[in-house]
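Welcome to this short tour. Please have your viewer open and your selection tool ready, and we will go from stop to stop together.

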Amino acid sequence: ESRQYFDFAQLRYRGPHDDPLRERVSLGLGFQWPNAGNRKLKIAELKIELQELSLEYDEESEEKEKALQVVRSQWDMRSSLAEQYMDIQKSENRQLDEVSVMVRKRAGYDPMILLEIKRHKLESEVKRLDYLEDVYMIFLRCLVQSEKLTATPFYNYYKA
């Protein structure tokens, strides 16, 4: 486009008329100068469009980063809650085991007490699994937000 100087040519004939002096023939030529204002305008428009796209990209990346930070903070909070709950559950299970041993040693114990202890331990285990499920789901959301889940080379983030 920078070496194209000839833009167009036009030949127009309006006739025939009875009078040969009134016959009309016109010739038009169009040239394109290298530094024409139209080219400068196009370049300026493209620069503005490039700046707009750059700003949009920056805004989108900032929004993604903020969303990722929110998900990471949720993940940190949930994983610390899960760890605390598991520590409490371990100590509670030890105490319940000691109580069940003491109940068995007593003569004429009620088996419903042992069943109640077992039920409480199972409910506690279900709650622990719910905490872990939340942690894994938030971790998965974090991988999706950071776009690491679909990045190459592929990496197994769930391996032990």
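Which side chains meet in a salt bridge of 2.5 Å, N to O, that includes R128? Select R128 and E125: their side chains form that salt bridge. A salt bridge here is a side-chain nitrogen of Lys or Arg within 4 Å of a carboxyl oxygen of Asp or Glu.

**Before moving on**

A word on what you are looking at: this is a predicted model, in which local features need pLDDT of at least 70 and side-chain atom pairs count only at pLDDT 80 or more, while totals for chains, interfaces and linings use all residues. Residues are numbered from 1 along each chain as its sequence is written, and side-chain values use heavy atoms, with hydrogens and water left out.

**The whole chain**

Zoom out and colour by secondary structure. The protein chain has 2 helices and 2 strands, and from the N terminus on the order is β-β-α-α. Helices (H or I, at least four residues) and strands (E, at least two) are DSSP runs, numbered from the N terminus.

Of the 160 residues, 13% are buried. Buried means under 20% relative accessible area, exposed means over 50%, and partly exposed is in between (1.4 Å probe, protein chains only).

Contacts can be shown too, with contact meaning heavy atoms within 4.5 Å. Among those between residues at least 6 apart in sequence, 55% join residues at least 24 apart.

**Back to R128**

Return to R128, in helix 2 (residues 111-145). R128 and E125 are both in this helix, 3 residues apart, about one turn of the helix. Is R128 buried or partly exposed? R128 is buried, at a relative accessible area of 19%, whereas E125 is partly exposed at 28%. Show what surrounds R128: not counting residues up to four places away in sequence, R128 touches Y85, M86 and Q89.

Next, select D134 and R78. Their side chains meet in a salt bridge of 3.3 Å, N to O. D134 lies in helix 2 and R78 in helix 1 (residues 37-105), so the pair ties together parts that are 56 residues apart in sequence. Both ends are partly exposed: D134 has a relative accessible area of 29%, and R78 has 25%.

Then go to K121 and D97, where a salt bridge of 2.5 Å, N to O, joins the two side chains. This pair also links distant parts of the chain, with K121 in helix 2 and D97 in helix 1, 24 residues apart. K121 counts as partly exposed at 23% relative accessibility, and D97 is partly exposed at 34%.

How many salt bridges does this rule give? The count comes to 6.

**Last stop: L149**

Finish by selecting L149, in the segment after helix 2. L149 is partly exposed, with a relative accessible area of 39%.
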